[in-house]
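Let's walk through this structure together, one region at a time. Keep the 3D view open as you read.

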Amino acid sequence: MTEPRKLFIKTYGCQMNVYDSERMAEAMGASGYVTTDTPESADMILLNTCHIREKAAEKVYSELGRLKPLKDLNPELKIGIAGCVAQAEGAEIMRRAPVVDLVVGPQTYHRLPAMEAAVRAGERPVDTEFPSEDKFEHLPKGPRAGRGVAAFLTVQEGCDKFCAFCVVPYTRGAEVSRPAERILREARDLVARGVREITLLGQNVNGYHGEGMDGRDWSLARLVRELAEIEDLWRIRYTTSHPNDMTDDLIAAHGEVDKLMPYLHLPVQSGSDKILKAMNRKHTAAHYLAVLERLRDVRPDLAVSGDFIVGFPGEDDADFEATLDLVRAVGYHSAFSFKYSARPGTPAAERPVLPDVILNARLHRLQAVITQQQRMVQESMVGRDVTVLFEKAARMPGQMVGKSDYLHAVHVTDDALAPGMLRRVRITESMTNSLNGVLL
Ligand code: SAH
Ligand code: SF4
Ligand code: F3S
């Protein structure tokens, strides 16, 4: 028997890329590939790339430089670029990096097996189409790997919002929602494979409006309520949301659906109305705060996280102070902040970029405020009882790690624990990025 070919996938960027990498591995499984954890042992390397900031895209080219020598060691090795850099740069990658054998965009990876065959026949295929067929339905059925306890499930993809700084509407295309029936089928399949927590994914997930089983469009809230009926699915999350799509029924679901976890990633980007307008966010800071207030009315313990961009073109000191004020008003469980990065092809890229010293100083100040908030929230958990879904063994002997309802990583050392257990835990200690606790 010949040994199966080995596939190594390196994933950059957002959770949707993580999900896509799993689906690509399944697709290649149908062509006889098994996954491996080391590029050195691979016959095919796929870089599933991100184009969101300049640094993210540049990383791909430096990684290619590092991988190049592996081709001398293994003449069978083929290298492919997938994801959002593939979509944005397409054939340009082939010109810039002769080491690359195939380029496949986020909407065509169901065609990977055919592309792989073309590569083995000596071609260098590029496919960055936005095809009319549904890639999820056209994925070859590879061996269905067991999943962990928590899994992602893409329900909506693409974005029509066109924030002035963002490449996603170009790399992922127009907003498309998957039909509810297919999502429910996939969710049941995940649960049958041991998954207990599902995070619904979409670039603009709360804009979900897929075809429902009654022929009408379903909202995300409707979909969540339907998923909550799956008995052995214990927890539901969703990400990423836009403030303008936080509809009444979704807010209500946070108060009514027990399985919907009290955690929400709701990016706002800036606290200044002037900058929000220039960003084409189409909402004000006050609107954002009002949405959170309504959510906290129905779910007072809701944990909130966000994203921020500092140094958007035209941002002055007062605008930046407004962002700090908003952060202080919200009390984030966690937040990501980024220096503005001009992306070719986006409207904001036409505007002059602020000096890097200003960007650095603002990022530093914002992160200090966020870190302090995060620490306070975490320390306030000590002494409280939370529910933890245990996922895997941690570093210390006998220790397991899992997630609280609020998405805190929680460590417990107890021989009675195994992955997949849902237990009440008393928090005893707050560490840098996690909590320690004991079983109740
Ligand atoms: N769909 C999500 C976010 C997608 S990108 C949303 O609407 O919020 C993830 C984060 O990257 C964004 O929230 C933003 O904070 C950041 N980001 C996007 N484009 C950027 C750019 N050009 N420069 C810096 N940060 C950027
Ligand atoms: Fe990008 Fe804005 Fe769409 Fe989010 S909502 S993906 S930031 S364009
Ligand atoms: Fe990056 Fe594409 Fe996700 S640009 S953030 S991988 S949608």
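## The surroundings of ligand 3

By class, four nonpolar, four polar and one charged residues form the shell around ligand 3. Here Ala, Val, Leu, Ile, Met, Phe, Trp, Tyr, Cys and Pro count as nonpolar, Asp, Glu, Lys and Arg as charged, and the others, Gly among them, as polar. The shell consists of Cys14, Asn17, Thr49, Cys50, His51, Ile52, Cys84, Arg172 and Gln203, a residue being near a molecule if one of its heavy atoms lies within 4 Å of it. Cysteine 50 counts as buried because its relative accessibility is 12%; buried means under 20% relative accessible area, exposed over 50%, and partly exposed in between (1.4 Å probe, protein chains only).

Please keep in mind that this is a predicted model, in which local features need pLDDT of at least 70, side-chain atom pairs count only at pLDDT 80 or more, and totals for chains, interfaces and linings use all residues. Residues are numbered from 1 along each chain as its sequence is written, chains are lettered from A and ligands numbered from 1 in the order in which they are written, and side-chain values use heavy atoms, with hydrogens and water left out.

Around ligand 2 you will find Cys159, Lys161, Phe162, Cys163, Phe165, Cys166, Val168, Pro169, His242 and Arg281. This shell divides into seven nonpolar, one polar and two charged residues. Cysteine 159 has 10% relative accessibility, so it counts as buried.

## Helix 9

Helix 9 spans residues 248-256, and its buried residues are Leu250, Ile251, Ala253 and His254. They lie on the same side of helix 9 because they cover an arc of only 155° around the axis, taken from the directions from the helix axis to the C-beta atoms. On the other side, Asp248 and Glu256 are exposed.

The buried residues of helix 9 pack against helix 8 (220-227), strand 11 (235-239), strand 12 (263-265) and helix 11 (285-298). Helices (H or I, at least four residues) and strands (E, at least two) are DSSP runs, numbered from the N terminus.

## Asparagine 433

Asparagine 433 sits in the loop between strand 18 (422-430) and strand 19 (435-439). With a relative accessible area of 62%, asparagine 433 is exposed. Beyond its neighbours within four places in sequence, asparagine 433 is in contact with Gln378 and Ala409, where contact means heavy atoms within 4.5 Å.
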